[in-house]
Amino acid sequence: MPSGEADQRGRLGTRLVGGRVARYETIDSTNLEALRLAARGFPVGTAVIAGTQTAGRGRLGRRWMDVPGRCLLMSVLVDAPPVPGLLTAAMALSATQVLALEHGLPARIKWPNDVLLAGRKVAGVLAEGPDAGPMALGIGINVNGRPGELPAGATFVSHHLGEELDLDALAAAVLRRLDAHYHSLVAGDAGPVVEELADYDCLTGRRVMARAGGRTLFGEALGWLPDGRLAICDDAGETIHLDAGEVTLI
Ligand code: BT5
């Protein structure tokens, strides 16, 4: 059961996202809990926030680690928009814009689901759910801590900011931005999200190695496509559109 559950609409000023917030000190995964709440009738827009996860989920069965009480672990119940490939991007963009525009940090998005600070991963996003019905759109942000407390390649917001951040205020700021981006997507207008992604993308014009579908390719990243895929011009001059996979900057 949630340790706290509240109607937040008035406080957050959002139309839908974060309309209800269920809070837990410890949960297996906020994504899994969001889907369980959906099955119990909680509405789209419900946010689930936990202090720590015992089975935090990354992509492809990987684990997402946290430092209890020092990371933002949050999932939002959403309906799949007409362009589902931009859903994780909308969450990554929301967090990136909060870090960049509200805290002055040089946050960047790395396709498909990473937020980076100084080349290190400060946040990851995972959307999952059944074929029909609401999906859980989850984000983990490493907020207050020192690199070394988490897997290699990870960093914390406070390490770059020089001070600690309030987790609730950060959650509210991300939910407000997600509310706007999610409404654009469900209204069938992906334009603003795609344009703003380009402003924060760290791959465009850079040389990359991509692994997708058992294949490795080298080339130059051309940027996000309006459907959320990544365009790469490979070394043979062929343009490839990736819809999943791992991309490494070379
Ligand atoms: C992701 O996976 O980046 C998606 C992470 C989504 C986490 C949120 S937390 C709230 C919600 N509830 C969940 O259960 N999940 C979502 P991926 O791209 O597969 O990256 C996972 C890899 O990143 C791991 O294999 C580690 O190498 C590394 N990693 C694990 N924890 C990390 C952390 N806290 N910070 C940076 N890197 C991490």
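User: Is N113 buried or exposed?
Analyst: In this predicted model, N113 is buried, with a relative accessible area of 5%.

User: Where is N113 found?
Analyst: N113 sits in the loop that runs between β5 (107–110) and β6 (114–117).

User: And which residues does N113 touch, leaving out those up to four places away in sequence?
Analyst: Those residues are R59, A123, G124 and V125. With V125 there is a polar pairing: a polar atom of the N113 side chain lies 2.9 Å from the backbone oxygen of V125.

User: Turning to the ligand, which residues come nearest?
Analyst: The ligand has 27 residues around it, and S29, R57, R62, M65 and K121 come nearest.

User: What lies 2.7 Å from an oxygen atom of the ligand?
Analyst: That is a polar side-chain atom of R62. A polar backbone atom of R59 is 2.9 Å from an oxygen atom of the ligand. On the nitrogen side, an N or O atom in the side chain of N142 is 2.9 Å from a ligand nitrogen.

User: How much of the ligand does the protein bury?
Analyst: The protein buries 90% of the 790 Å² that the ligand exposes when taken alone.

User: Which elements each supply at least two residues of the shell around the ligand?
Analyst: These are α2 (30–39), β4 (71–78), β7 (120–128) and β8 (135–142).

User: Now the largest nonpolar core: which members touch the most others?
Analyst: L72 and I141 do, out of 64 residues in that core. The core lies between domain 1 (3–200) and domain 2 (207–249), because both give residues to it.

How values were computed
Residues are numbered from 1 along each chain as its sequence is written. This is a predicted model: local features need pLDDT of at least 70, side-chain atom pairs count only at pLDDT 80 or more; totals for chains, interfaces and linings use all residues. Side-chain values use heavy atoms; hydrogens and water are left out. Helices (H or I, at least four residues) and strands (E, at least two) are DSSP runs, numbered from the N terminus. Buried means under 20% relative accessible area, exposed over 50%, partly exposed in between (1.4 Å probe, protein chains only). A polar contact is a pair of N or O atoms within 3.5 Å; within protein, one must be able to donate a hydrogen and the other to accept it, and residues adjacent in sequence count only if both atoms are side-chain atoms. Contact means heavy atoms within 4.5 Å. A nonpolar core is a set of buried Ala, Val, Leu, Ile, Met, Phe, Trp, Tyr and Cys residues joined through side-chain atoms within 4.5 Å. Domain bounds come from an automatic or database domain assignment. A residue is near a molecule or strand if one of its heavy atoms lies within 4 Å of it. Accessible areas come from the Shrake-Rupley method with a 1.4 Å probe; for residues, only the protein chains shown count as cover.
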